[in-house]
Amino acid sequence: MDHSKNVIESKNENERFTGNVYLLISGQTFSSAADFANAFKFYKAGKIIGSETGGFIISPGEVIERQLPNSKLFLNVSSTKDFNIGATEKDRHGVIPDIQVQSNEALNYTLNKLIK
């Protein structure tokens with residue numbers, strides 16, 4: 001199947017956004033939002049403001065669940081270890097913001113200090 005018609009053409013120079021981009025994160029930023037924040041940081045798409053995201057940038061991947069026959073307890077075993085872009089074995093943490101601010105102050109900080 002030809003997907004070349006699905007490519008989005010770049011905007012003309014005068015139609016492109018050239019301002020600063022800020023991403024607000026907190027400990028409540030998990031899952032795909034944390035993955036997005038990690039890619040945003042890796043590709044230097046803008047400044048990240050707030051506090052470290054929840055979860056790790058290394059994740060357990062797909063989990064296999066089994067019930068033990070006697071106790072009937074459930075056992076979960078990770079079948080993979082997934083590394084977000086740029087992550088190494090040492091990265092047992094969430095996405096660290098460029099500017100650390102309490103999550104409840106991040107929006108006001110951004111509006112008052114950075115946007116002019």
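**Exercise 1.** In which loop is T29 found?

*Solution.* T29 is found in the loop between strand 1 and helix 1. Helices (H or I, at least four residues) and strands (E, at least two) are DSSP runs, numbered from the N terminus. The structure is a predicted model, in which local features need pLDDT of at least 70 and side-chain atom pairs count only at pLDDT 80 or more, while totals for chains, interfaces and linings use all residues. Residues are numbered from 1 along each chain as its sequence is written, and side-chain values use heavy atoms, with hydrogens and water left out.

The next step concerns the surroundings of T29. Its relative accessibility is 13%, so T29 counts as buried (buried means under 20% relative accessible area, exposed over 50%, and partly exposed in between, with a 1.4 Å probe and protein chains only). Not counting residues up to four places away in sequence, T29 touches A34, T53 and G54 (contact means heavy atoms within 4.5 Å).

**Exercise 2.** Describe the secondary structure of the chain and state how spread out the chain is.

*Solution.* The chain has two helices and seven strands. Their order from the N terminus is β-α-β-β-β-β-β-β-α. The radius of gyration is 20 Å, well over the 13 Å that the globule rule gives for 116 residues, so the chain is more spread out than a compact globule. This radius is taken over C-alpha atoms, and the rule is 2.2 Å times the number of residues to the power 0.38. Along the principal axes, the C-alpha atoms fill a box of roughly 65 × 50 × 25 Å.

Burial and contacts follow. Of the 116 residues, 22% count as buried. Among contacts between residues at least 6 apart in sequence, 64% join residues at least 24 apart.

**Exercise 3.** How many aromatic pairs does a search of the whole structure find?

*Solution.* The search finds two aromatic pairs. Rings of Phe, Tyr and Trp (its six-membered ring) pair if their centres lie within 6.5 Å; planes under 30 degrees apart count as stacked, over 60 as edge-to-face and the rest as tilted.

F36 and F40 form a tilted pair, at 6.0 Å centre to centre and with 45° between the planes. These two residues are four apart in helix 1 (residues 31-42), so about one helical turn separates F36 and F40. In the pair of F42 and Y43, the ring centres are 5.0 Å apart and the planes stand at 90°, so this pair is edge-to-face. F42 is partly exposed, with a relative accessible area of 41%, whereas Y43 is exposed, at 56%.

**Exercise 4.** Which residues is F40 in contact with, leaving aside its neighbours within four places in sequence?

*Solution.* F40 lies in helix 1 and counts as buried, at 9% relative accessibility. With those neighbours left aside, F40 is in contact with V21, L23, A45, G46, K47 and I48. F40 and Y22 are 18 residues apart in sequence, and their C-alpha atoms are 9.8 Å apart in space.

**Exercise 5.** Is E9 buried or exposed?

*Solution.* E9 lies in the segment before strand 1 (22-25). Its relative accessibility is 65%, so E9 counts as exposed. E9 and G46 are 37 residues apart along the chain, and 22 Å separates their C-alpha atoms.
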